[in-house]
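User: I am new to this structure and would like to learn how to read it feature by feature. Could you take me through it slowly, giving the general idea before each case?

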Amino acid sequence: MIKFKVTGKTLLTPEEVITGMFDASNWTSFKGKGLVPGIKEVDISAPDKSVVGTVFNVKNGDGSHHEETIVDFDPGRSLSMKLHKFSSPLNRFASHFYERWTFKKENGYTHLERRFELYPKNFTGSILLRFIAHFFKKAVEDHTQIIANEGSSGKN
């Protein structure tokens, strides 16, 4: 398993950050970096009356795709997603990723942390995912800044 985390600070509340995840137009702000493609579009399938179980079918700018499924949700505190069902070539060397968002309100700001765990399928995958994780982390840092700045500019 390969791990990394990214932190940020915003004027948005945790609830506003989560609500933003359910707006498909917000997903294209993930621009990617290096070997990691940006998101072109997403289709959201949400179960009735539950955040857990929501599936985001993600299509990337390079033609690849995957699913992100909310597996845990604690309102105002955390949200966890499983990234899986990767298309080729990622499906050859990665089984799934986990992303966990945690939120802490302090001094009028929401401090957010995004932790990732990347699970390789094999030895080759463990080498390739370490390389990809470098670019993925940079893309997540950029994306986290975009999300954080939404609160600073008064957008929701």
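Predicted model: local features only at pLDDT ≥ 70, side-chain atom pairs only at ≥ 80, totals over all residues.

User: Where does Ile44 sit, and which residues does Ile44 touch?

Analyst: Ile44 has its place in strand β2. Leaving out residues up to four places away in sequence, Ile44 touches Met21, Phe22, Asp23 and Ala24, and also Thr54, Val55 and Phe56. Ala133, by contrast, is 89 residues from Ile44 in sequence, and the two C-alpha atoms are 25 Å apart in space.

User: How should I read the sheet, and in what order do its strands lie?

Analyst: As a general idea, the strands of a sheet pair through backbone hydrogen bonds, and the pairing can be parallel or antiparallel. Here seven strands form an open sheet with antiparallel pairing, in the order β1-β7-β6-β5-β4-β3-β2. The strands at the edges are β1 and β2, each of which pairs on one side only. On average, and with direction ignored, neighbouring strands are turned by 20° against each other. Helix α1 packs on this sheet, where it touches β1, β2, β3, β4, β5, β6 and β7, and its direction makes about 150° with that of β6.

User: Which residues make up the two faces of β1?

Analyst: In a regular strand the side chains alternate between the two faces of the sheet. For β1, the covered face holds Ile2, Phe4, Val6, Gly8 and Thr10, while the uncovered face holds Lys3, Lys5, Thr7 and Lys9.

User: What does the largest nonpolar core contain?

Analyst: In soluble globular proteins, nonpolar side chains tend to be buried together. The largest nonpolar core here has 35 residues, and those with the most contacts inside it are Phe4, Phe97, Trp101, Leu118 and Phe136. Among the elements that each supply at least two residues are β1, α1, β6 and β7, while α2 gives the most, with eight residues. Beyond its neighbours within four places in sequence, Trp101 is in contact with residues including Val17, Met21, Leu79, Met81, Leu112 and Ile147.

User: And what lines the largest pocket?

Analyst: Rolling a probe the size of a water molecule over the atoms shows where empty space is left. The largest pocket has a volume of about 820 Å³ and is lined by 40 residues, of which Phe30, Ile39, His66, Glu68 and Phe136 lie nearest its centre. At least two lining residues come from each of α1, β4, β5, β6, β7 and α2, and α2 provides the largest share, seven residues.

Definitions and conventions. Residues numbered from 1 in each chain as written. Heavy atoms only, no water. Core = buried A, V, L, I, M, F, W, Y, C linked by side-chain atoms within 4.5 Å. Buried < 20%, exposed > 50% of the residue type's maximum accessible area, 1.4 Å probe, protein only. Helix = DSSP H or I, 4+ residues; strand = E, 2+ residues; numbered from the N terminus. Contact = heavy atoms within 4.5 Å. Pairing = 2+ DSSP bridges. Axes fitted to C-alpha atoms, helices over the stretch in contact; angles between N-to-C directions. 1 Å grid on protein atoms, 1.4 Å probe; cavity = no way out; pocket = protein on both sides within 12 Å on 5 of 7 lines; lining within 4 Å. Points joined across faces, edges and corners; volume = space filled by probe spheres on them.
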